[in-house]
2 protein chains.
Amino acid sequence: VRGVAATFTLPIAIERGASLPIHRQIYEWFQSAIAEGRLRPGGLVPSSRGLASELGVSRIPVVNAYEQLRAEGYFETLVGVGTRVAKFIPIQSVTVGKAPQPGVISGSASKSTGRQISRRAAVWNKSPMQPWVNGRSTFRVSLPALDHFPIDIWSKLIAVQSKAISRSMLAYGDAMGYGPLREAIADYVRAVRGVRCEASQILVTTGSQQGLQIALQVLLNPGDRVCVEDPGYPGARQAFAMADAEIIPIKVDTEGIVVSELLRKGGLAKLVYVTPSHQYPMGMTMSAARRMQLLNWAARNGTWIIEDDYDSEYRYDSRPIASLQGLDSNARVLYMGTFSNVMFPALRLGYLVLPPNLIAACRGAKNCMDIFCPTLNQAVLEQFIHEGHFARHLRRMRMLYIERRKALVSALQSNLGSSVEISGAEAGMHLVILLRPGVDDLTVSTDAAHKGVAVMPLSSCRISLGERGGLILGYGGVSVQSIHDGVRKLRDCLERTEGQTIRQGLRCE
Amino acid sequence: VRGVAATFTLPIAIERGASLPIHRQIYEWFQSAIAEGRLRPGGLVPSSRGLASELGVSRIPVVNAYEQLRAEGYFETLVGVGTRVAKFIPIQSVTVGKAPQPGVISGSASKSTGRQISRRAAVWNKSPMQPWVNGRSTFRVSLPALDHFPIDIWSKLIAVQSKAISRSMLAYGDAMGYGPLREAIADYVRAVRGVRCEASQILVTTGSQQGLQIALQVLLNPGDRVCVEDPGYPGARQAFAMADAEIIPIKVDTEGIVVSELLRKGGLAKLVYVTPSHQYPMGMTMSAARRMQLLNWAARNGTWIIEDDYDSEYRYDSRPIASLQGLDSNARVLYMGTFSNVMFPALRLGYLVLPPNLIAACRGAKNCMDIFCPTLNQAVLEQFIHEGHFARHLRRMRMLYIERRKALVSALQSNLGSSVEISGAEAGMHLVILLRPGVDDLTVSTDAAHKGVAVMPLSSCRISLGERGGLILGYGGVSVQSIHDGVRKLRDCLERTEGQTIRQGLRCE
């Protein structure tokens, strides 16, 4: 019996000396609570003794009321369980909740009532479910190999930490994050990513998305201009739209964001958002020359840079490349990382490395957004890093993803033709295949999603229209066997869409 | 030795066949990493064997490089520990981090660089630390009795849940929250608060502050008008400012927000924010008549209502009063709750009960803000509620707070005079004492904070200036003994500020 009602104090207002006797007041309260759906069929109710004590009345009126309710079929008593609201209520008038049913309401809140929602919310209201982000289907982007995460170690650390919870770990924490975790993150990004920082510059977030939100709140006024990579990360674009920013799309080429286009279009930009380690979604790495051009342009132009280093951890054919932040001598880069891809998404922890003169403002923004991150989760993660489990896990995952990437590339080549155009397989957890010009990637993705293959259409990352379509395939969370099956299904979808055999279809012409 | 560097793969780029021999490349990488502060004094470095394998080179060049680094004093080797960066580096050129030191930067980011931060961030930058929110001093507002939280039960539930973590609990979860927790919250607010809802209307948040942020993103465009109680909750005001809303202060009287003033000033308001159960900070309960007036006004005016029911759980002299949401027949109330006060702040979980036609938009906003809440935390809380621990904890805390409230009221009366004006002691975890007209509450609060007594000045909750000052005393987290000590210290501060004996000073004239 899943009914929590019995354990809580029910808000029954007893009026002593009223013309209505107490047992009747109790009876009527339950009757209307059931009729209005506040108490549900099958839900436990307090024992008569418990309720009498809660209400400060003798047990007799409660027993009387309960008997009446039982007699009329509102209550039923089960031996060993207690008294509960009857599973089948005899009256017609029962409505389960007076609020409109979720099924029948329309997306528009403003039509019938005159009340309005915001412009941005109207977009959220209309935006269709994207079938390729559902569940954990094959090739879902950004999903790591969860079945290889060392759950045992993690559980053990949680158990150890939870036994050592101190009072101060229950109280309000620092908006910047849990001190030891900030130290560990600073050590990590300094050593591995060449980031130049002190622990005082680390702000612990609930992930990249919140990192972006904090940065935008601190840097942008409504209407300010933001340059973004095109194609680029849709989550960032959403965040910019939410901040009422004017979004300026900037092309990317094989070396990353095209700085000459920034020169032309980005003159008034307050901010530029880039993914230098492994461009999202195309997967190329920003060249050293481009990095210096970008930093120089930003310095001259007075523009902030957000460096989203979201899956820099996995590089296969060459050593990791140091961060843009580490090359910046003007404290203009906000470096952003997340543990969602390298640990697991449900952890909800990430970080910002802030220029020192943004610390106070970003602390204010985090405080205003959600005060601070859950302390226990931060403490367990710190322990996981400190004991070396994090580094070991990264190493093991790198080996695993190398294998999966290899399997995917070879399956794509043998199924779609050896000249299939693949982009971005040198790093990260996903790659892109480009479709023949004119083929609609949204059609292919929707079709594939219904077959359990979650390939994200490249067009969903693009701002400019009419560009060549493609498919983004995440391989982090997919076994080699599923990769083979998935690619075969994908070939069928492509053949159907293109109306011809695929071996010609995908060749670069 | 707290140095995580050793466990990670270092980004050393080895160029084979370069003129610089491999051992020299390794040596130079370490030298500059240490000089630039990317590796810190005392931090462990990988073993020579480990590094050789990582780099795919033979062990000889690594051993050579390490010997050189040791010889020059960069490295030191400790038996049983391994090789680490020397604690005292011999060269002058070592800079610990090239970024400016947090201590020396000024609050203004724009001055020296031409780069700007947002208007709202400029406020965060300037806002002084409020001494009365520091730490866990006596009378800190919103701090529950953490030493009475059943940590043992909580730890045990965490341990049980963490052993049962499934792969799907590691993956991306629903933006609306963990299904079973949404059910449990719906059961709870229906039964105890008279809220009319289905679990589908529950959105799990990281607390009230995020609940507000989501609501504002969905309801407000920049420049929209919002009516707030004055005095009112500063956290809400901050959130409205962040949303670039125009804030319209509305007076409160003994029955809550003054609807006649809403009629006069709120004509174009998109939203009104209220705390009907226990007005923040004054503590009165909105009367039934006022509730109906407010709902009617909102219906006619096309205005949304946010009902922040933040400490409705604790009512002492009468039974809890059902929520405004439960009286609303037009689906215009967004009901907001948090577990910070009734569980513990570091849990970071709360909820919104949404009108059905706002579900899609609010899901979109949550997704855009931080995707979803950590799954394990939600699962443990659900278990805590489901097994009845939550209800038991609430009951115990209610008894404890009754005792603390009584001790506080009597200590105030015996120290400050029996006619001291106290407001809002019927419910919640704080009360307000009003100061004599003209006495500056900020001075008293600042003075008291330096003596370890964290009383919040009423003026910090006010928008209109020149109103009577007061002090907000949280008593949830304070033992009876500390209450007595705290009140005595407070009397001293008041006497100093008012320059006279207190027994006259606080009398209502």
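Q: Which residues does Trp154(B) touch, leaving aside residues up to four places away in sequence?

A: A contact means heavy atoms within 4.5 Å, and in this case Trp154(B) touches Ile165(A), Phe149(B), Met343(B), Phe344(B), Leu347(B), Val380(B), Leu381(B) and Phe384(B). This is a predicted model, in which local features need pLDDT of at least 70 and side-chain atom pairs count only at pLDDT 80 or more, while totals for chains, interfaces and linings use all residues. Residues are numbered from 1 along each chain as its sequence is written, chains are lettered from A and ligands numbered from 1 in the order in which they are written, and side-chain values use heavy atoms, with hydrogens and water left out.

Q: Is Trp154(B) buried or exposed?

A: Buried means under 20% relative accessible area and exposed over 50%, with partly exposed in between (1.4 Å probe, protein chains only); Trp154(B), at 4% relative accessibility, counts as buried.

Q: How many residues does the largest nonpolar core have?

A: A nonpolar core is a set of buried Ala, Val, Leu, Ile, Met, Phe, Trp, Tyr and Cys residues joined through side-chain atoms within 4.5 Å. The largest one here has 203 residues, and among those with the most contacts inside it are Trp154(A) and Trp154(B). Helix α15 (residues 389-416) of chain A gives the largest share of this core, 12 residues, a helix being a DSSP run (H or I) of at least four residues and a strand one (E) of at least two, numbered from the N terminus.

Q: How is an aromatic pair read, and how many are there over all chains?

A: Rings of Phe, Tyr and Trp (its six-membered ring) pair if their centres lie within 6.5 Å, and planes under 30 degrees apart count as stacked, over 60 as edge-to-face and the rest as tilted. By this rule there are 38 aromatic pairs over all chains. The ring centres of Phe149(A) and Phe344(A) are 5.1 Å apart and their planes stand at 70°, so this pair is edge-to-face; both residues are buried. Phe149(B) and Trp154(B) also form an edge-to-face pair, 6.0 Å centre to centre with 75° between the planes.

Q: Where in chain A is the pLDDT below 50?

A: The pLDDT is the predictor's confidence in each residue, from 0 to 100, and where it is low, the predicted coordinates should not be read in detail. Chain A averages a pLDDT of 86, with 90% of the residues scoring at least 70, but the value is below 50 over residues 91-113 of chain A and stays under 50 over residues 503-509 of chain A.
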